[in-house]
Each structure stands twice: as structure tokens, then as C-alpha cells.
Amino acid sequence: MPLDLTRRHSVSMSLLGFWMLAGTSIGAGPVTLQEHIKPVLKEFCYDCHNAKKQKGDLNLEPIGDNPNLAENRVVWEKIAELIESGEMPPEKKPQPADEQRDLLLNYIGGQLSQFDCKLNPNPGRVTLRRLNREEYRNTIRDLLNVDFLPEDFPNDEVGYGFDNIGDVLSLSPMLMEKFVAAADEIVKKAIRLDAVPVPVLHLVRGEKFVSPSESNRPLENRGFGLYVDGEATTDFEFPKKAEYVFRVRAYGEQAGSEAPKLALRVNNRDLAVFEVPNEKGKIYEVRAAIDAGTQKVAIGFLNNYNNANSADDKLRGDRNLFVDYVEIEAPPFEPTNVPESHRRLVPRMPQAGQEHQVATEILSGFLRRAYRRPVSEAEVERVTRFVDMALAEKGTFLEGLQVAIQATLCSPNFLYRWELDPQEIKPGDTRDLNDFEVASRLSYFLWSSMPDAELSALAQKGELRREGNLEKQAARMLKDGKARAFVNSFAGQWLQIRNIWEVSIDPNTFPKWDDSLKGAMKEETELFFQAIVQEDRDVRDLVGADFSFLNEKLARFYGIDGVKGDHFQRVTLPKGSPRGGVITQASVLLSTSTPTRTAPVIRGKWILEQILGTPPPAPPADVPPLTEQKAVNQTATLRQRMEEHVARDECASCHKRMDPLGFALENFDATGAWRDTDGKFSIDASAKLPGGKAFNGAGELKAVLKDGKQFVNNLTEKMLTYALGRGLDYYDRCAVQAVVKSMEPKGNKFSALVAGIVTSEPFLKRKSDMAPTPGEQPKSVAGVQ
């Protein structure tokens, strides 16, 4: 059966523990194909894999004379996988000695490594990537300070085990409609149209003024009458030192040759003197700078006149002055209901005629952050026109800004993570990513969000990749609270604990089951993974550790005493506890069960795929379920009933690898609780792998997995896949090998793993669009789930 892409790259990665340089030697000289490899193939392989027989569609005779790595890569990888797993030669056939197996594996790995890493290096390329749901939400949060839940967005497709893979993140018309509607909702939360700073008006009625002269007095209409020279005053609290506008509505009674004169004073300082004719409702205005604090505001009558005996009608009369009110306009103050998002986006409002200039200032900075790169003047101008159009249609400045930002959030420059090759780059050329592209890769790897100010500043200076800055930034980011997104997204998908919500435990089979435990189980695994990250522990502690995080309810479910309360706390596990590490945490055990019983095959397959990175092929299409083949003896143990898996030749090779791993976990029932019996039968948790390695129970299984190299290799592969947003291919073995090698002298610390990934060739470089490399098969959709 041909090897599909997903299977093929998994095979390649599973052999990392055996990859060595091509100079592998035996005794005093190097290993050669004709002298050392062909004799082993001829003795143990040619009998079934020759030109006539070709069992498994595999003829090894031609490559025994000419390896031709460029064309026969898949064949060599398949040989290595079958030998390394112990599946070949079959048990009934003569078996090579361990030294012969290692000889073949070292030779194959060395030859492939020489070809890929030295003669044909390739950092690969990432398909243009759309922001997934979680990245979109986090980016909106960090860009606009708005918490938006994309609950009605369709679920993101999953490829190679993760939902951030560029190849499967399509943009359907329905999703585009969701983005447009979301952008409209987001900008209305981010910018408040009622948050325009407005002047504060204080109206001081004339009746509030007081005069030392009894002749000057308040009026019934709430105004104030000044009948003799003098002034009336009132105290007023000026909130800050600023320029204030004073408006006085007044009128006079004319007599003599002059109109009444009104003086407006603050603290005995004349602000203005107005001539007030006999005209009601007229307003007199003056601007003046006033100090903060309580000040005396005064209205003064300057030219009283009273002549009742004059023979001249024009000169006879009584001149008086009347003030309805004094209005004091304070300078604009920020409204108290302005959200932080508004303050970030609109640091200042424009004066009349400055709208385009201020919009350009605001949007140029916003676009740099939204697009995660420098922007051109033309790009800024294009978006600023939305503000101009809004103003032209009698809209407000803030309405125009809302439209401009909504357009930005719907732009491909925001919704996608671009890594465009410069025009001078030829097809197939390899180039270094620029610092902005690296900053974006780093932030979406560890935060599932956009770069922050510190990352962006380093990128702007061109210093992100200098003097160990990448490693320093990665360490800083892992300590930040936003790194919880990495825990939830990477760990949740790698360990597949998101599936816990899809398992429905049968209440008849497990009447004491409490469905609310699912959340606690998931939280335990996430907090445990987070501790490995935050404490920079050996990554192998993920498989087996002496601590976990429990609340009272989950601790009681585990049978662990001394934990009180609903809050989660770090708990040192009792000596001999089977619970240390992710494999025996209830979130994993429940997610790999059926509603009524355990599923050793599912659990074994999970370990092969998620822990060891050696997934089995899909089962043959014509093999029915066990229950359809013959009656199941309900008086036998589950293990005995499953022996039927290995009774068929087409099933045996895979189930001999999967089932023993699952049997080791049989002491945990379908809910993840410990048990010593399955019904009336005692649990048999002993097992043996095809290579002959024997173990008994979960503890010994974890010891085997923790001591081997495959877990570290697989974790590196999984994390590199997640970091790049693409599936790995054969040429990525060099990077994986380099990362694993760099971790060893650092104690396999988590920080060493992350540092190795962010400084790797695939993370920092890309190959431009190109034709397939010789020997490379076109990508299939086998990795899409």
C-alpha cells in the first residue's frame, strides 16, 4: 500500500533517534551499500520483497544495487520504519541481530540526512495563513482592547493535528460575512460616538450676585438690577487653569448721552467693558485666561445717570443696567464614559479643518499595528479617505474613523499573515524572513496574537535576530500571561483534550459519574503543562512527574486525600501514585474511551500518534468490526476478546503495536478512575512491544516512554508543526534533528525546545514558490482531519 504524506512524514520523524552522519563506520572502515547493507537485505528481506513476489508492493532488489535517494526516498523510509518498529521481518521469519538492525537504520538515516541537510537544504514554505478564531479574538483584544467572542464563526478546519495550518484555513463567503459583521460590532465597542469631548457650560443667574448697595438688587425674573454705580459679585470654582468663555446677557435703560456701561471682572481684574443699549436678549462675550480655584466674578455698573429735572427730553431720565445671567464655558473635558479602546485609538480630536491631518496621524499608527508591518503613505491615504467620505456626507469625525477601522479589520492585510517574497526572489530561491515577519511568527506561536510593542520595536530597529534577542524574547513571552493561549491551543490540540466534551459517559454503566468533572480534568492538564513551561522543566516530565494540580472534587475522584476547596492547587502525588504525567491524567483517559468501556486500541493509537509520533496506517477498508465477525464471549475479559485483533494477518501488524500500549492503561476505567478489576475479572496490564520490550502497568509504560528518545523527537515535531503552521516534510528532519541535539546539553528543558524552534532554519527562512524537489511527492489531504 503506497505511503501517504502524513504517514510518510511521520515515518521520517520517528527515525530521528537513529539518524547519523553519512560517515557511519563499522570496525575500522565506513559502512558501504554493497559490502554491509545489501547482504543484510538479501538475507532477511529479498525472500518476500523481490521482483516476482513484491509483498506489500515492495521490491527491494533494485535499490540494493543503487539507492537513488532522490527517487526511492519513500521506499527507504518505509524499510527503516518496518525494521525500527520490529514489524519486519515477520515473527515467523529469521530475525536479524540487534547490531544488524542498528546497522541498517544508521545507514539509511545517515544517507537521507546527508542528502537533505548538506546537499539539498530546504526550509520549506508556509501557505498564506488566515487568522483562526482564537488568533482573531486575541488580536482584536491586543489591537483594540475589545474582548470579542467569535461564537458564531464556523469552526476552523484542522490539519496535521492543529487548527492554525495555512493549507486548510480557507475563507468562505459565509466567513467573510461574519468578519464584516464582527468588524462593525467591534468598532462600535471600540469608538464611542457619544464620547466627544464637549465644553462644560455653567449658567450663573443674576439673582446669585450680591451687592453691598441695597439699591442694587435681584429681580423677580431671576436677573439682577444695578441702579447705582457699583458691582455685584459671586464666587465661582474654576476647575483648572485654562481659557474660559464668558457670555453675559444684559440690557439697559437709556438716559443721558451714553449707554449703560457693564464691566465684567474676575478677582478685581476687568475682563471687558461693554456698552449695553436698551435691547433685551443681547449677549456679550469675552475670552480670558483664568487660574484654577475659587474666584470672585463681578458685574459692575460704571456710568449711573439720574436727571429728572432736565428741560431737554434727551437728557432727562434714569440710566439703569440689568443682567439676566453670566454663562461661563469651561474648556472641553474628557467624558467619564470613554472606554480604554477609545482613548487608545483617538488620542485627540481635530479642530475644524484638521480632520484629514489628525485622521492620518491616528490611522498610520493603527495600520502599522493591524498589518503587523510598516505601511506606505498610499496605504494610509487609502484608508483615511473613509474619514473624508464620512465628513463629506455630513457625518462626524468619529463616524468616519469607525468606518476606516472597520475597513481595516476586513482587509486581507489584517485577516492574513503575509510573507510576500520580494520581486527579485526567483522561484525556488531561499530567503531570510524580515524582522517583522519573524516577530509575527514568534507572537502567533507563543501568544496566538499580534506582536507587542517590545517585539515591534526590535523589528523596527532590525535587531530582533541579533545578539540572542530571539531567545530572550521567547523567554520573556513564555512568562507573560498571554502565553496561556499557547498552553490552551498547543497542549489542548496535541493532547486532544478538547475532545473531552465529545465523550458522553453512559449513566447506566457509571451511575456515580458527574459530568462537571470534565472541566476540572481539562484544567488539571492545562495547569500541569503550564507548570512545565513556567518552571522550565525537562520536557520528559510531561510523560511522568511527581506532581499535578487538583481541586477537592478531582482529588476525591483520584482517591487523593488532603485537598480542600474548589480552587486548583499544586499537589505532590503520593509515592507510587499512577497519576504522574499526561498519559494517566483523566482528561486523556476519558477522551480516549467509549461511553461504556475503555478502548485499549484508541488509547494505544493515541500514544503512538501523540507521544511517539508513529501513527499506524488506516485499517483496511474491508475489515468489519469485531462484533460483526463472530459472537463475542461476554464471559471473557476485554483483553481476551481483543485477542481477535491479532488473529487476522491484515490486522496483526498494527494491533501488535497499538494494543500493548492500551492494555498497560487498563487499570483506568472509561472515566479515568482507578480500578483493580473489570467486572469480575482481575486486570492484566502487562504487555510487550514488537521489539521485545516488556512492561507491566502504566508506571512501567511511562518509564519506557520517558527513557527513550522518541517522545522528545515527537514533541519537537509537533511543536515545530504548530509554530510554522504547516505540516512537516522529509526535508524538515534536519531542523528537528538540530533542535533535539541542541536540547540534550541543556537537560531537555522546555526553554531549550522553544529556543531551538525559533532559531531554526524553517522558522527564520522560507523557500519561494517552487516546483517539487526531485523525489518529493505532491501533497495530499491525508493530514486534514
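Me: Which residue stands opposite Arg269 in E10?

Reply: Val266 does. This is a predicted model. Val266 belongs to strand E9, residues 261–266.

Me: In what sense do E9 and E10 pair, and over how many bridges?

Reply: Look at the strand directions, then at the bridges. E9 pairs with E10 (residues 269–275) in the antiparallel sense. Six bridges link the two strands.

Me: What do E9 and E10 form, and how many residues lie between them?

Reply: They form a hairpin, with two residues between the strands.

Me: Now helices. How many residues does H6 have, and what does it reach from its first C-alpha to its last?

Reply: H6 covers residues 133–144, which makes 12 residues. Its reach is 16 Å, close to the 16 Å expected at 1.5 Å a residue.

Me: What happens at the start of H6, and what follows the helix?

Reply: Take the start, then the end. A side-chain oxygen of Asn132 comes to within 3.2 Å of the backbone nitrogen of Glu134. After H6 comes Asn145, with a positive phi near 60°.

Me: Which residues in H6 are buried?

Reply: Among them are Tyr136, Ile140, Leu143 and Leu144.

Me: Which residues make the nonpolar surface patch?

Reply: Leu128, Trp418 and Leu420 make the patch, about 280 Å² in area. Leu128 sits in the loop between helix H5 (98–119) and strand E3 (129–130).

Me: Why does Leu128 count as partly exposed?

Reply: Because its relative accessibility is 34%. Buried means under 20%, and exposed means over 50%.

How values were computed:
Residues are numbered from 1 along each chain as its sequence is written. This is a predicted model: local features need pLDDT of at least 70, side-chain atom pairs count only at pLDDT 80 or more; totals for chains, interfaces and linings use all residues. Side-chain values use heavy atoms; hydrogens and water are left out. Patches are made of residues with over 30% relative accessible area and no salt bridge: like charges are joined within 9 Å, nonpolar side chains (Val, Leu, Ile, Met, Phe, Trp, Tyr) within 5 Å. Accessible areas come from the Shrake-Rupley method with a 1.4 Å probe; for residues, only the protein chains shown count as cover. A salt bridge is a side-chain nitrogen of Lys or Arg within 4 Å of a carboxyl oxygen of Asp or Glu. Helices (H or I, at least four residues) and strands (E, at least two) are DSSP runs, numbered from the N terminus. Buried means under 20% relative accessible area, exposed over 50%, partly exposed in between (1.4 Å probe, protein chains only). The expected span of a helix is 1.5 Å times one less than its number of residues. A polar contact is a pair of N or O atoms within 3.5 Å; within protein, one must be able to donate a hydrogen and the other to accept it, and residues adjacent in sequence count only if both atoms are side-chain atoms. Two strands pair if DSSP finds at least two bridges between them.
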